[in-house]
Amino acid sequence: MKVSIDDVVLPGDYCEDIVNAGEKSKVILGPGLRKEIDKVYITKSGVLRKRAPNTYWVDSYQKRYVPSRAENVIGVVVQKAGDTFRVDVGGSCTATLSYLSFEGATKKNRPEVQVGDVLYAKMLIASKDMEPELVCVDSHGKKGRLGVLNDGFVFKCSLNLVRKVLSPNCPLLNSLKNEWPFELAVGMNGRIWIKAKTMRETIAVGNAILGCEYLSDSEIKSMCTNIASLLAGHVS
Amino acid sequence: MAPVKKLELPKSVLDMKFMRKAKERKEREIENTQDHHGLYANIITSEMRHASGNFISETSFIYCEDLLEGRLSFKGMNPEIERLMEQENKTTDIDGEMQKDISDEVLFEKLDTFKKRKHSNTSTPSKQPATKKKKRLN
């Protein structure tokens, strides 16, 4: 069936608007779209979205993570294999992480990473036919925000929720950030790590994030004030 | 911006005796790249080169949607991360609008009073003591 922007789409549908845009200028086809000879087909069910000037993708509900390049993910070290670590990121197979791709690591000076540690890392290579490779440094050799995450609490959620939490329009983080100290790491693989000073506060952050999946912006705001007042009442 | 040109040694320097190794390496490099092009020339057709046309496929949402950096800290939980967040905010601020030490309103008021004083100085110098007294009363 022929579809246009902001429609609900199914795999096998095609969009002529994108083909027309592609004749004039470069077009970026995001997840859920595929170019086949002279048509652009939908490969996932969801809502067809467009961002100016010419980026198109399908906003779909998904829980399965498919590794792709340059995404920041949260992984768990499952094995030390010689000079690499095997890291579970939730994909079809484990990712590899060289022990040299940490800040300040050399052959003699190995990083202190144990089996079972939680890492925040960047996908360096992610292709269909090979196992993905992670790094914990940027191109300047600095660790930046990447590395081992100590203490805290990890939970899983859908990939949509991750994108919702990280979108600049989402009021969740803005309404929580002035309430109590906490930090979080959000992986594009649907895992979120949170850490706060007490167990109550950690649970409150976790519940706030999980609760906002199907709420509108105003509902999220009221939920956050609700949680904050509950927490403040018990502490004092 | 013009693309950064790769630095190359002048030919006269390369001809010197102690530069022989560098010269040989450069020649080898040129040879290698030429071979590379020719290697698959008969297999890769121009059709294959232009098959994707104007369409660029991306498998990640991070290029489609405008997303925040995924590592955040609030209210001093992790000072290291908060410093990085602040730095990032600063760079975006500078991009948007120049940072001001004095806001527009304050500048306007100051200039206005300055002009008035100047005006009163030149035209009616006799009034000046009166205004000064008022200010003291306040």
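## Briefing on chains A and B

A search of the whole structure finds 13 salt bridges over all chains. The model is a predicted one. Across the interface of chain B and chain A there are four salt bridges, and the area buried between these chains is about 3,700 Å².

**Interface of chain B and chain A**

- On the chain B side 31 residues make contact, and on the chain A side 48 residues do.
- Carbon and sulfur atoms give 60% of the area of about 3,700 Å² buried between the two chains.
- Between chain B and chain A, 18 residue pairs are in polar contact, with both residues at pLDDT 80 or more.
- Three elements of chain B, namely strand S1 (55-57), strand S2 (71-74) and helix H4 (79-96), each supply at least two residues of the side that touches chain A.
- H4(B) gives the most to that side of chain B, with five residues.
- By residue class, the side of chain B that touches chain A has 15 nonpolar, eight polar and eight charged residues.
- Strand S16 of chain A, residues 182-187, pairs with S2(B) in the antiparallel sense, over four bridges.
- Phe182(A) has Phe74(B) as its bridge partner in S2(B).
- Arg71(B) forms a salt bridge with Glu183(A), and the closest N and O atoms of this pair are 2.8 Å apart.

**Salt bridges within the chains**

- Side chains of opposite charge can pair when their charged atoms come close.
- In chain A, the side chains of Arg49(A) and Asp6(A) meet in a salt bridge, with an N to O distance of 3.6 Å.
- Arg49(A) lies in strand S7 (residues 46-51) and Asp6(A) in the loop between strand S1 (2-3) and strand S2 (8-9) of chain A, so this pair ties together parts that are 43 residues apart in sequence.
- The relative accessible area of Arg49(A) is 31%, so Arg49(A) is partly exposed.
- Arg34(A) and Glu36(A) also form a salt bridge, the closest N and O atoms being 2.8 Å apart.
- In chain B, Lys23(B) and Asp15(B) meet through their side chains in a salt bridge of 3.2 Å, N to O.
- Lys23(B) is partly exposed, with a relative accessible area of 31%.
- Salt bridges that share partners join Asp6(A), Arg49(A), Asp59(A), Arg163(A) and Glu65(B) into one network.

**Make-up of chain B**

- Chain B has six helices and two strands, and these follow the pattern α-α-α-β-β-α-α-α along the sequence.
- Of the 138 residues of chain B, 13% count as buried.

**Two buried loop residues of chain A**

- Gly32(A) is in the loop between strand S4 (27-29) and strand S5 (33-36) of chain A.
- With a relative accessible area of 7%, under the 20% cut-off, Gly32(A) is buried.
- Leaving aside residues up to four places away in sequence, Gly32(A) touches Tyr41(A), Ile42(A), Thr43(A), Lys44(A) and Val58(A).
- Gly32(A) and Ser45(A) are 13 residues apart in sequence, and their C-alpha atoms are 7.9 Å apart in space.
- Ser60(A) lies in the loop between strand S8 (55-59) and strand S9 (72-81) of chain A.
- Ser60(A) is buried, with a relative accessible area of 3%.
- Ser60(A) touches Lys44(A), Ser45(A), Gly46(A), Asn160(A) and Arg163(A), again not counting residues up to four places away in sequence.

**Backbone features of chain A**

- The peptide bond from Ala52(A) to Pro53(A) is cis, with omega near 0°.
- Pro53(A) is placed in the loop between S7 and S8 of chain A.
- Ala70(A) is not a glycine, yet has a positive phi of about 70°.
- The loop between S8 and S9 of chain A holds Ala70(A).
- Asp151(A), also a residue other than glycine, has a positive phi near 55°.
- Asp151(A) is in the loop between strand S14 (147-149) and strand S15 (153-156) of chain A, and counts as exposed at 62% relative accessibility.

Note on methods:
Residues numbered from 1 in each chain as written. Chains lettered and ligands numbered in written order. Heavy atoms only, no water. Buried < 20%, exposed > 50% of the residue type's maximum accessible area, 1.4 Å probe, protein only. Contact = heavy atoms within 4.5 Å. Buried area = accessible area lost by both parts, 1.4 Å probe. Polar contact = N/O pair within 3.5 Å; in protein donor to acceptor, adjacent residues only side chain to side chain. Nonpolar A, V, L, I, M, F, W, Y, C, P; charged D, E, K, R; others polar. Pairing = 2+ DSSP bridges.
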